[in-house]
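This briefing is for a reader who is new to the structure shown below. Please look at the sequence and the model before going on to the notes.

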Amino acid sequence: MFDPLSLFFLAVIALVSVPSLVYSAGYLKGQFTPRRKTLLHGLTAIFILSMAAVVTAADIIAFLIAWEIMSLVSFFLVVFEHEHEQSAQAGVIYIVMTHIGTAFLIAAFMLIHQYSHSFDFSAIRPACASMPQNARDLVFIFLLIGFGTKAGIVPLHIWLPYAHPQAPSHISSIMSGVMIKTAVYGIIRFIMYLMGVTAWWWGVVVLTAAIVTCLVGIIYALMEHDLKRLLAYSSVENIGIVLLGAGASMLFLFLKLEILAVLALAAGLYHLINHAVFKGLLFLCAGSVYKAAGTRNMEKLGGLIRTMPWTAAFFLCGAMAIAALPPLNGFVSEWLILQSFFLGALNIASGGMKFFLGICAAALAFTGGLAAACFVKAFGITFLALPRSRQAQEAREVPVSMRMGMGVLAALAVLLGLGAAWVIKALVVVAGCASRIDSSAISFSLNNLIVSPAQGNQTFLSPVLIAFGLVTFAAGIAVLYSVVRRRGVRIFKTWDCGYYRVTGRNEYTATAFSNPFRVAFSFFLFPYHRTRKIWESFYHVRSFSYETHTTPVFKKYFYDPLLRLVFSAAGLMRRIQPGSIHLYIGYIFLTVVVLIILMGKF
Amino acid sequence: MKVFALFIQFILLCSAAPLVSGIIARVKNNLRMRRGAPVLQPYYNIVKLFSKDEVVSDTTSWIFRIAPVVVLSSSLTALALVPAVISGNGANLAGDFLAIIFIFALGRFFLALAGLDAGSSFGGMGSSREMFISSLAEPCVFMAVFSLFLRSGSTNPEFINAVNYPHVATVLAVFCLMMVILAETSRLPVDNQETHLELTMVHEAMILEYSGRSLAFIEIGSYIKQMIWFSLLAHILFPASVAVSSGLARLGVSAVFFIVKILCIGAFVALLEVVIAKMRLFRVVDYFGFAIVFGILAAISSLIGV
């Protein structure tokens, strides 16, 4: 199937995969034996091709096969560095969760098949129109859970922060940048394109799930000080933002607000491609840091901007984009999603829905604020000030091939922001195709420079003009700085209350940076502290240690009880299988007897 | 003519921005029965900073050097989007109310990074707190803008202004925005511009390492930011801007109105700062809780049409 929707996702896959593969040439140098490297390249190739197959499959069977290949190959990639002890654990959590998701998908597809009697998309589409509403509701829920597991919707996100960081970095970049997006493709393709939205609460459910996903994802990201896990949690958040667009679009589709539905979906897809680009970039940068410094723990990093200037600049670009700072790409897509909420609230008749959309907008704004804080922390602690360990001090800039991979993605992040008017033009076509609306008359851009989400209400945004303003003013200020009354600049030590002995140990740490948030969100994070003092004498403390952790709420109160339940059920089942051959012969005998007795009945 | 008028307005707003802070400081001092520094003191400070050498820490990187430029240029860019005396502003093709908030985030982001760059704990503390406070303020602003939007149908600041007033919703939204503005311009009860006490400072801790011209740029950036917030607020409460074509007399009246509005807001802020005390950092959560309640109430009253 090669309609605009599939082509868009193919483009996303290519945009992230190609730079990641260029990057991998340098990244893998000196890491594995040649045979393992060959294996890794082979697996990566299958992985990328399977994703391409997922988004182009034109019937359910092909889709499922591609989906399963993608899941299995990505599992092998997660456990590829099996010498790390966390790999096995991450792999197990990943494969179990992803198969629970696939089970729900299969159930949904079987339900659909009951009515369509065919696996072909072109046959399903008309058949879905005649499905009774309760069957459609069930299919919707199954699809949402099934794809939601892959996308990382809270509380199904549990595998994501384990699995994504564990793979080699260019794979993390493809997984976070693209693989979780195939789940969004599934949601759009099956729910919006094939089934069509026929209940008002579908959109509301998706929006609610998206809000929770955004906020939970970013709060956990703020608490994290493993660089790659922070990025993985932030992927959870960004999937939430993408789904905010998709969910709003579902709501508007049901209410027959067609232009708004196209706007919301286009905004969501815009954020999707943006996230693919900047999260791919950030994972590659994190990989460079890991390769250069040998650790992903931010508390051991710092000062890398001096030894790794290129990586730092690229990471800064990604961080600015993900924190939605103008004029980069994240800003445009978040602005568009906010506008679609606002305009939706204006055009929907129901007061409750208006209010709900306002809450969605506020939640998105809150997420944006927290994301800015999170990436100030990620960049500031990792790259600025003094190194916090010897490894960080001895880090060296990465080779050219890695820098090229990162550079291409950084340039894309800038271009996707500045070229907003063109991007939105293309996305309107994609969104129109996905939501089955004739979008040829819909346009959200003026003069190729300005984005204008609604004709007539005079709301404009032009990243190019903003960038022009910023650059012009900055140039003016720089001239002013250097021309007006030339004064000296003295290089001296950081002011430290007169001691002048600032070392890496005096610096603010990642844990300290996120402490206000930990206190403010303690109702959800349940942080606990442990201080240990070893006394030398009554007055003197010889050593002092302080630990703080947050309670993983979903694991502790949802998955652990569930797991215990499964294990106790398995324990019961085990009793009929005690390992005695006599008993097994007895079972066979009994079965034969029962069959003979029942034979006459059939 | 129009471009020229806009240019003049832009220059005047820039140059008047420090004056607002000077007047607020003067009013505060007079309310405390002190004589206080002259209202032009902010200008003297800027001139003084420009004529001084600059000290840069040897642990810093280029982030520290470009942050003042980014802060000031983002403030100036945002200022270009704000209608003050003249409406029909061509610059609103570049962005709306939401874009202004996003542009502020750009300056704040770099300032917070610069705070971390010097490596002392003060800077880190300041940037951590600044990001904490601003992230809590964000949903409040959007809730308030949302409630204004429901009536005006556009996030273009001029359209928000064009709504005839005063509705309950507008007043509640202004309450919400006022609380946010106090935090954004680092004033009491969230922050205190007048002190350099380690335990309480937020904005000042972040820029502690700056001196000379760089500090002057950051200061000018914050004056302009304050000017932007005040003029946005002034227009939401009492819309009065006019088109350039409507004659010099109308323009003059509009200008006088604008100055009076800004002065009123400044005096109100000064009065508030004199009568309330600084809050503990973690009380800020409750503070913004109040703000968002105002925002939600504004949205609800906007929905029921009062």
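The model is predicted.

**Surface patch**

- Helix α11 of chain B, which covers residues 284-304, gives the largest share of the patch, with four residues.
- B:Val293 counts as partly exposed because its relative accessibility is 44%, which falls between the limits of 20% for buried and 50% for exposed.

**Largest cavity: size and position**

- The largest cavity holds about 130 Å³ of space.
- Its lining consists of 15 residues.
- Nearest the centre of the largest cavity lie A:Ala365, A:Gly368 and A:Gly369 from chain A, along with B:Phe102 and B:Glu138 from chain B.
- Two or more lining residues each come from α14 (329-347) and α15 (351-383) of chain A, and from α4 (97-117) and α5 (121-152) of chain B.

**Largest cavity: make-up of the lining**

- The largest share of the lining comes from α15(A), which gives five residues.
- Sorted by class, the lining of the largest cavity has 10 nonpolar residues, two polar residues and three charged residues.

Key
Residues are numbered from 1 along each chain as its sequence is written. Chains are lettered from A and ligands numbered from 1 in the order in which they are written. This is a predicted model: local features need pLDDT of at least 70, side-chain atom pairs count only at pLDDT 80 or more; totals for chains, interfaces and linings use all residues. Side-chain values use heavy atoms; hydrogens and water are left out. Buried means under 20% relative accessible area, exposed over 50%, partly exposed in between (1.4 Å probe, protein chains only). On a 1 Å grid over the protein atoms alone, a cavity is a set of points where a 1.4 Å probe fits but cannot get out, and a pocket is an open set with protein on both sides within 12 Å along at least five of seven lines; lining residues have an atom within 4 Å of a point. Grid points are joined across faces, edges and corners, and a volume is the space filled by probe spheres set on the points. Ala, Val, Leu, Ile, Met, Phe, Trp, Tyr, Cys and Pro count as nonpolar, Asp, Glu, Lys and Arg as charged, and the others, Gly among them, as polar.
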